[in-house]
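Trainee: Could you take me through some features of this model, giving the general idea before each case?

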Amino acid sequence: MTQKVDVLICGSGSAGLCAATWLARYGIKCKVLERRDGPMTMGQADGVQCRTVEIFESFGIGEELLRESYHVVEVVFWADGDGSGVIRRTGKTADTQPGLSHQPHVILNQARINGLLIELMRKYNNQEIDYGYTVKDVRVDESQLSAGPEAYPVKVTAEKDGKIESFEAKYALACDGAHSTVRKALGYNMIGDSTDAVWGVMDMVPRTDFPDIRKKSTIRSKAGNLLIIPREGDSYNLTRFYIELPAGTKAKDVRLEDLQGAAKRILSQYQIEFVETVWWSAYAIGQRHADFFHKDYRVFLAGDACHTHSPKAGQGMNVSLQDGYNMGWKLASVLKGLAHPSLLETYVLEREKVAIDLINFDRYFAKLFSSQGSATPNEFQEGFIKSGKYTAGLTAKYDESPITSDTGVSNELATNIVVGMRLPSAQVVRFCDSKPLQLAASLKSDGRWRVMAFVGDLSVSQNMAALQAVGDYLGSNDSPLRKFRMGSNDSDSLIEPILVAHGPRHGVELEQIPQSFYPFTGKNHIRDLHKIFFDDESYNKGHGHLYEHLGISPAKGAIVIVRPDQYVSAVFSLDDYRRIGQFFEGFMILPEKSESSTGSKL
């Protein structure tokens, strides 16, 4: 029998799991087919960039990630600067430059990263993975496309235990890696090249007198280049080496002894023994991306299925996971009947650009690391630091679309907020309980959009009047909060209002704030007081200076619309609040026209 599913995900890597987690959060069941017999036990990726940590925080699993991981605080640079064959420490820098993110760069095995998402899928919706399936073919029946989003035009065949099974899906995601069966079945190709440079990688326990073995270190020497990454774990012994191998080396001919010998030559003035090797591999650097990222906007490619590159910048797992993070909430919104199917076109618009940027960056980064390059020790260090914002995952900027609308006033109203980029965070104080916390803590990955009103100092009568006008609009029948809420659910069920004022909060009483910012919610129908914040001094954690951090004038204020994935959609002036409704009308479906194809509500 042919099984019908809303979404079929081929592969349970980072991209597939993150998309499945979003769908589970919305209460949507999907089918995840994985070739392996069980969950990953030893992942090759390990670097978790700041943006990925932010995403895990938004899902409510950031604390587990931070608790179990190794925190990369400092990078140390070593080089043979005078050609003597002796390497010396040439510099140090903070791994993440101050102000980039409130979260750190950490190291945690990909198997554990995947495990955290799998646990969350089960918690949300009892979502499981079907192991032991080999996908054989994927195609789109174009004759069914005109039937609309309720059709099942994607036909998938897969084999398990020698038996062929058939599936029909509304949508499918190809998250099945660099050798993607789905990509090949669609006839798509990878564009790019492979260089001759071969690198080896090994996770091992070293016994050494090299002084910076427990810091992220780059070593450039006449004998080759080495990148040292300390690994997580209670023993504090496991370490990863990325090693440049001699020109002309073929990856398939590399042995573990070759990697160990190369590392010893690079660290020749120090003693080193490899007590235990957990995993090792060798690879040729290649930078390629798929020529197409979708088929009829019904099958979408994500992760290594559509972009491959070298691992030294720690981008592979992170960019793949963020592909799934971008697609998951959009797919769920369409399946729930909340948004037009054209919303899915923005996945291709946004993530194809990210993939191409990744390939270009990787070419630059690989050349910077290469011993064949001409960079001096100082130039290498400067290039490494300049790359920090990219390697932290904070440079993705999405182009204009129905959900990313540059109104032309963001540079004037919020100089450090960029439409199409994720909203920066700083500390605020919650009004109801005086708790200091990051603004990002209010941007949970629960499927909701946010209308954030930065109204300035409420002791100024003009600002108080502006707050009242915005609040009255958001509480009116014309408000998108009321128009687009999910059925008979709370007014903040799909679009949540958030108020961020500036200055002393003790002179403000709750009744001065419009009730639309603390609506009745939940099964007990009580006021939600957790949507009001002040950029003010806290008793025990100082001042976050959020307005200054975002470049918002306390005298002018601003309205910022934030997507469910924390990216900024639009910035309006306080007196232009009616444009909020016009924005959401551009892609959302009114409830009376909505036919949800799934069961539970978000």
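Trainee: Where is the place of Asp 296?

Mentor: Helices (H or I, at least four residues) and strands (E, at least two) are DSSP runs, numbered from the N terminus. Asp 296 sits in the loop between strand S17 (294-295) and strand S18 (299-301), and Asp 296 has a positive phi of about 55° although it is not a glycine. This is a predicted model, in which local features need pLDDT of at least 70 and side-chain atom pairs count only at pLDDT 80 or more, while totals for chains, interfaces and linings use all residues. Residues are numbered from 1 along each chain as its sequence is written, and side-chain values use heavy atoms, with hydrogens and water left out.

Trainee: Why does Asp 296 count as partly exposed?

Mentor: Buried means under 20% relative accessible area, exposed over 50%, and partly exposed in between (1.4 Å probe, protein chains only). Asp 296 counts as partly exposed because its relative accessibility is 29%. Asn 126, in the loop between helix H4 (110-125) and strand S8 (130-131), counts as exposed because its value is 59%.

Trainee: What is phi of Asn 126 near?

Mentor: Phi of Asn 126 is near 50°, a positive value in a residue other than glycine.

Trainee: How many cavities of 30 Å³ or more are there?

Mentor: On a 1 Å grid over the protein atoms alone, a cavity is a set of points where a 1.4 Å probe fits but cannot get out, and a pocket is an open set with protein on both sides within 12 Å along at least five of seven lines; lining residues have an atom within 4 Å of a point. Grid points are joined across faces, edges and corners, and a volume is the space filled by probe spheres set on the points. The count comes to five cavities of 30 Å³ or more, and the largest cavity holds about 90 Å³ of space. Among the residues that line the largest cavity are Arg 51, His 102, Arg 422 and Gln 566.

Trainee: Why does the largest cavity lie between domain 1 and domain 2?

Mentor: Domain bounds come from an automatic or database domain assignment. Domain 1 (2-68 + 107-191 + 287-366) and domain 2 (409-586) both give residues to the lining of the largest cavity, so it lies between them.

Trainee: What volume does the second largest pocket have?

Mentor: The second largest pocket has a volume of about 670 Å³, and of the 34 residues that line it, the closest to its centre are Glu 57, Leu 437, Ala 441, Ser 442 and Lys 444. Helix H3 (62-68) gives the most to this lining, with four residues.
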